[in-house]
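This briefing goes through one model by topic. The points below can be read alongside the sequence and the coordinates.

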Amino acid sequence: MSIIDGKQIAKDLRQSIKSQVDNLNRAPGLAVILVGDDPASAVYVRNKDNACKEVGFYSEKIDKPADITQEELLSEIKRLNTDDRIDGILVQLPLPNHLDTNLVIETISPEKDVDGFHSENIGKLMQNKPYLRPCTPKGVMTMLATIGVDIVGKDCVVVGASNIVGRPMAMELLNAGATVTICHSRTQDLPGKLKLADIVVVAVGIPQMIKGEWIKDGAIVIDVGINRLDSGKLVGDVDFESTKDIASWITPVPGGVGPMTIATLLENTLSSCKEKI
Ligand code: NDP
């Protein structure tokens with residue numbers, strides 16, 4: 001078994017982004033909007049802001065109260081849509097219940113939608129004409145490329161079908177030439193399906209649910225899940241201990257997919273900036 005060192009791959013990606021930024025005539029700009037004071041969201045936003053600083057981006061961290069009205073939030077996004085310093089706009093999810101998440105995402109200009117969640121960008125990914133691609137699945141593809149996997153013709157199983165991870169992940173693998181099965185909460189015989197997979201990507205949100213005995217010998221296992229146990233320990237959706245000696249490659253949690261998501265957000269912001277200058 002070999003560990004896919006997401007921390008190192010993300011560090012190399014940030015280094016490459018930084019050296020490209022040094023050669024641009026202006027810094028790429030990212031605006032991150034945080035609504036309310038959810039502690040986990042605040043940590044994610046702070047990490048994004050720090051990552052921007054590290055690679056020499058211009059960054060705006062915009063804090064809004066939890067009771068912001070829909071109109072106020074949309075007008076903030078519209079302002080950023082026309083701000084020439086800003087190449088990427090990200091609204092940290094989840095939003096408070098009184099706000100329409102879908103409308104918020106659709107209000108972000110598709111050219112600045114560095115999360116890749118706008119229906120126009122998802123549509124382009126579906127058509128295999130991608131523009132801005134969702135960060136977590138794109139980051140997984142970078143990891144697979146880094147370890148030198150030839151994806152063409154591989155049998156892949158994606159567990160989880162969310163709009164932000166599972167579905168775009170399946171599209172990424174399909175676009176790369178794989179045969180893809182998408183599993184979800186109503187899938188029958190998940191272990192049987194996993195047993196046929198050369199590459200498994202799991203994004204469910206249930207700690208350690210995927211067991212090593214369900215995995216084919218030598219498969220590549222990518223664990224997107226991030227779960228905090230009562231003990232405070234962070235674990236993935238894959239039972240690492242029982243899987244590590246069966247998989248040929250496996251991502252750890254933490255230090256796997258997580259760091260790739262933020263590095264890919266920077267990569268998307270850089271490419272959005274390059275489109276404009
Ligand atoms: P969602 O809750 O939006 O989606 C979970 C998916 O898992 C759904 O499609 C659901 O099925 C499916 N599911 C639930 N129970 C089962 C089950 N028993 N068997 C098979 N499938 C099941 O989660 P997200 O996609 O947003 O996130 C998933 C995990 O990834 C979380 O742990 C999250 O923290 C982590 N994450 C990590 C990121 C990173 O950067 N590393 C980024 C984003 C998320 P159904 O559709 O039928 O409801």
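Val-221 sits in strand E8, which covers residues 220-223. The model is a predicted one.

**Val-221 and its surroundings**

- With a relative accessibility of 0%, Val-221 counts as buried, since the limit for that class is under 20%.
- Beyond the neighbours within four places in sequence, Val-221 is in contact with Val-200, Ile-215, Val-238, Thr-243, Ala-247, Trp-249, Ile-250 and Thr-251.
- Two of these partners, Trp-249 and Ile-250, make up the span given for strand E11 (249-250).
- Gln-20 is 201 residues from Val-221 in sequence, and the C-alpha atoms of the two are 31 Å apart in space.

**Helix H1**

- Helix H1 runs over residues 6-22 and has 17 residues.
- At 1.5 Å a residue H1 should span 24 Å, and the distance between its end C-alpha atoms, 24 Å, agrees with this.
- Gly-6, Ile-9, Ala-10, Leu-13, Arg-14, Ile-17 and Val-21 are the buried residues of H1.
- Viewed down the helix axis, the buried residues of H1 fall within an arc of 135°, and therefore they line one face of the helix.
- Gln-15 and Asp-22 are exposed on the other side of H1.
- The cover over the buried residues of H1 includes helix H2 (39-54), helix H6 (135-146) and helix H10 (257-276).

**Lys-138 in helix H6**

- Lys-138 is part of helix H6, one of the helices that cover the buried residues of H1.
- Is Lys-138 buried or exposed? Its relative accessible area is 11%, so Lys-138 is buried.
- Leaving out neighbours within four places in sequence, Lys-138 is in contact with Arg-133, Glu-172, Thr-264, Glu-267 and Asn-268.
- Among these contacts, Thr-264, Glu-267 and Asn-268 fall within the residue range of helix H10 (257-276).

**Cysteines**

- How many disulfides does the structure hold? The number is zero.
- A disulfide is a covalent bond between the sulfur atoms of two cysteines.
- For Cys-135, the closest cysteine sulfur is that of Cys-52, and a bond is ruled out because the two sulfurs are 11 Å apart.
- For Cys-156, the closest cysteine sulfur belongs to Cys-183, at 12 Å, which is too far for a bond. The cut-off for a disulfide is 2.5 Å between the sulfur atoms.
- Cys-135 is buried at 4% relative accessibility, and Cys-156 is buried with a relative accessible area of 2%.

**Cavity**

- One cavity of 30 Å³ or more is present in the structure.
- The largest cavity holds about 70 Å³ of space.
- Which residues line the largest cavity? The lining consists of Ile-89, Leu-90, Val-91, Leu-93, Val-104, Ile-105, Ile-108, Asp-113, Asp-115 and Phe-117.
- Strand E4 (88-91) and helix H4 (101-107) each contribute at least two residues to the lining of the largest cavity.
- The most is given by E4, with three residues in the lining.

**Backbone exceptions**

- Most residues other than glycine have a negative phi, and most peptide bonds are trans.
- The peptide bond from Leu-93 to Pro-94 is cis, with omega near 0°. Pro-94 lies in the loop between E4 and H4, and Leu-93 is one of the residues lining the largest cavity.
- A cis peptide bond, again with omega near 0°, also leads from Val-253 to Pro-254. The loop that holds Pro-254 is between strand E11 and H10.
- Asn-128 is not a glycine, yet its phi is positive, near 55°. Asn-128 is found in the loop between helix H5 (119-126) and H6 and, at 43% relative accessibility, counts as partly exposed.
- Asp-189, likewise not a glycine, has a positive phi of about 55°. The loop between strand E6 (179-183) and helix H8 (190-194) contains Asp-189, which is exposed with a relative accessible area of 52%.

Key. Residues are numbered from 1 along each chain as its sequence is written. This is a predicted model: local features need pLDDT of at least 70, side-chain atom pairs count only at pLDDT 80 or more; totals for chains, interfaces and linings use all residues. Side-chain values use heavy atoms; hydrogens and water are left out. Buried means under 20% relative accessible area, exposed over 50%, partly exposed in between (1.4 Å probe, protein chains only). Helices (H or I, at least four residues) and strands (E, at least two) are DSSP runs, numbered from the N terminus. The expected span of a helix is 1.5 Å times one less than its number of residues. The arc is that of the directions from the helix axis to the C-beta atoms. Contact means heavy atoms within 4.5 Å. On a 1 Å grid over the protein atoms alone, a cavity is a set of points where a 1.4 Å probe fits but cannot get out, and a pocket is an open set with protein on both sides within 12 Å along at least five of seven lines; lining residues have an atom within 4 Å of a point. Grid points are joined across faces, edges and corners, and a volume is the space filled by probe spheres set on the points.
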